[in-house]
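Dear colleague,

Please find below the structure that I am handing over to you.

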Amino acid sequence: MWAASCLASCCAACACDACRTVVSGISRRSARIAYCGLFALSLMVSWILREVAAPLMEKIPWINHFHQTPNREWFETDAVLRVSLGNFLFFTILAVIMVGVKNQKDPRDSLHHGGWMMKVISWCILVILMFFLPNEIISFYESISKFGSGLFLLVQVVLLLDFVHGWNDKWVGFDEQFWYIALFVVSLVCYVGTFVFSGFLFYWFTPSGQDCGLNTFFIVMTLIFAFLFAIVALHPAVNGSILPASVLSLYCVYLCYSALASEPREYECNGLHKHSKAFSTGTLTLGLITTVLSVVYSAVRAGSSTTLLSPPSSPRAGSGKPLLPLDNKDEEKEEKEKSKPVSYSYSFFHLIFSLASMYSAMLLTGWSTSVGESGKLVDVGWPSVWVRIVTGWATAALFLWSLLAPILFPEREF
C-alpha cells in the first residue's frame, strides 16, 4: 500500500513537471499554435462528454430537476453547450483584456504570449464551473450561439475573399508569362472541378423517382452563381480576374455539397442515406478532425490577415519602426525590440476563438436539434443545411460586391 502511494505520488510529480516543461517551452512564435491546441482540446472534451456524460448528468439535481427526465440527446447537447460556454468565456475574457494592445512594450503582450500554466488552469476551472450553472443560462447561451455562429461564418467568408484576392494580386504582380499561364491553369482546374462536382451533386441528391425540387434549386442556384462570377469578373468595366471567380465557384459548390450532405439520413432525397449504417467511430473522428482544422485555420488566418486585424501601428500596415535615441546601444536595441508594434490584433484573435466556440457547439449538437439518427452524427440536420446554403449565398453576394463596388462608388476606396 505504501509502495503504491509512493508510486502514485512520483507519477503525479512527473506529470506536473512534464506539463510545466511543455508550457514553459511555448515561445512567442508558437503562442498562436498553443491557443489552437487548447481550442482543439476543448472540442475533444466536448465530443467525449457528448458520448459519456449523459448518465452522470442525469443524477445532478440542478440539471435534471424536471418532473420527467429528458431523453439522452438532451443531456448530450447540454454537456457540449456547457463546455462551449466555458471555452467562450475564456477567450472572451482574453479578448476584453487585450483591447488596445499596440506594441510589445505593453505588459499585456507578455500575458498574451506567456503564463500558460495559469491559462490552462483557468480554462479547466471555467469549464468545470459551467456544470454548476442552472439550465436557464445554458438555454440562453444556446440561443445566442446561433447568432455567434453566423458571425463566425461571415468572418470565414471575408477571410476567404481576402486570401483569394491577395493570391491573384501576388501572381499578377510578377508580370511574367509563367505566372499568367499558372493563373489560367488553376482557374481551368477550378472550373472543371466545379462542373464535375455539380454533376455528382445531381447524381447523389436528386435520385430518380423522388420529388427533390429543393435540392435541384440549391444546385442550380450554385451553378448560376458560377456563371455570374465569370461574366462579371471578365467584363471590361470591372477589370477583374478569372482566378478569384473560379476559386469562389468551387467553394460555393463545396458549400452546397456540405449543405446537402447535412440533410437527415432518413430524407429520401439524400443519396447518402443508404450508407447511414456505415458511420463508424472512425468516420465520426474524421469528421471532428475536419471541423477542428477548419475552425483552427480560420483563427490562424484571422491572426495574420492584413485586412481585418492589423492595427494602424503594425508593420503590416506600413508604419515605420520606432527609433529611440538612447546612448547605450544594448539598451537601445532591447528597448526597440520591446517597442515594436504588434503584428496583429490580439483582441480580435481571441474574439475569433470565442465565435468559433459557439460554432463548434452548434456543429456537435446538430444546431441543437434532434432529427432521427442525426444526434449521433456531427453537423447533421435541417438548420445545418440552411446555414450552409445561406453562407454560400452570402459568399456570392460579398464577392460580387467586391467586384462591383469600385464601379458603383468610384469616389471611395475599396
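This is a predicted model: local features need pLDDT of at least 70, side-chain atom pairs count only at pLDDT 80 or more; totals for chains, interfaces and linings use all residues.

**Helix 2 and helix 6**

By class, the contact of helix 2 with helix 6 comprises eight nonpolar residues, one polar residue and one charged residue. The two axes lie 12 Å apart, and helix 2 and helix 6 pack at an angle of about 20°. Angles under 35 degrees count as roughly parallel, and helix 2 and helix 6 are therefore roughly parallel to each other. The crossing of helix 2 with helix 6 is right-handed.

Helix 6 also contains Ser122. This residue has a relative accessible area of 30% and is partly exposed. The C-alpha atom of Ser122 is separated by 9.9 Å from that of Gly86, and the two residues are 36 apart along the chain.

**The chain as a whole**

The chain has 14 helices and zero strands. Read from the N terminus, the order of elements is accordingly α-α-α-α-α-α-α-α-α-α-α-α-α-α. The chain has 414 residues, of which 43% count as buried. Of the contacts between residues at least 6 apart in sequence, 76% join residues at least 24 apart.

**The nonpolar cores**

Which residues have the most contacts inside the largest nonpolar core? They are Tyr35, Met57, Phe90 and Phe353, in a core of 51 residues. Two or more residues of this core come from each of helix 2 (31-52), helix 3 (54-57), helix 4 (72-97), helix 6 (116-129), helix 7 (135-174) and helix 13 (346-364). Helix 13 gives the largest share, with 12 residues. There is also a second, separate core of 24 residues, and Leu160, Leu183, Val232 and Val238 are among its members.

**Helix 9 and helix 14**

A further pair is formed by helix 9 (residues 213-233) and helix 14 (residues 382-408), whose axes come within 10 Å and cross at roughly 15°. Helix 9 and helix 14 are therefore roughly parallel to each other. Their crossing is left-handed.

On the side of helix 9, the contact is made by Leu214, Phe217, Phe218, Met221, Phe225, Leu228, Phe229, Val232 and Ala233. Helix 14 contributes Trp382, Val385, Trp386, Ile389, Trp393, Ala396, Phe399, Leu400, Leu403 and Leu404. By class, the contact of helix 9 with helix 14 has 19 nonpolar residues, with no polar and no charged ones. Val232 of helix 9 takes part in this contact and is also included in the second core.

The axes of helix 7 and helix 8 (residues 177-205) come within 8 Å and cross at roughly 145°. Trp167, Asn168, Trp171, Val172 and Phe174 of helix 7 make the contact with Trp179, Tyr180, Ala182, Leu183 and Val186 of helix 8. By class, nine of these residues are nonpolar, one is polar and none is charged. Leu183, which belongs to this contact, is likewise included in the second core.

The loop between helix 7 and helix 8 holds Asp175. Is Asp175 buried or exposed? Its relative accessible area is 56%, and Asp175 is therefore exposed, since the cut-off for exposed is over 50%. Asp175 is not a glycine, yet it has a positive phi of about 50°. By way of background, most residues other than glycine have a negative phi.

**Lys102**

Finally, Lys102 is located in the loop between helix 4 and helix 5 (107-113). With 55% relative accessibility, Lys102 counts as exposed. Lys102 and Pro341 are 239 residues apart along the chain, and their C-alpha atoms are separated by 5.7 Å.

With kind regards

Definitions and conventions. Residues are numbered from 1 along each chain as its sequence is written. Side-chain values use heavy atoms; hydrogens and water are left out. A nonpolar core is a set of buried Ala, Val, Leu, Ile, Met, Phe, Trp, Tyr and Cys residues joined through side-chain atoms within 4.5 Å. Buried means under 20% relative accessible area, exposed over 50%, partly exposed in between (1.4 Å probe, protein chains only). Helices (H or I, at least four residues) and strands (E, at least two) are DSSP runs, numbered from the N terminus. Axes are lines fitted to C-alpha atoms, for helices over the stretch in contact, and angles run from 0 to 180 degrees between N-to-C directions. Angles under 35 degrees count as roughly parallel, over 145 as roughly antiparallel, 65 to 115 as roughly perpendicular and the rest as oblique. A crossing is left-handed if the near helix is turned anticlockwise from the far one by less than a right angle, and right-handed if clockwise. Contact means heavy atoms within 4.5 Å. Ala, Val, Leu, Ile, Met, Phe, Trp, Tyr, Cys and Pro count as nonpolar, Asp, Glu, Lys and Arg as charged, and the others, Gly among them, as polar.
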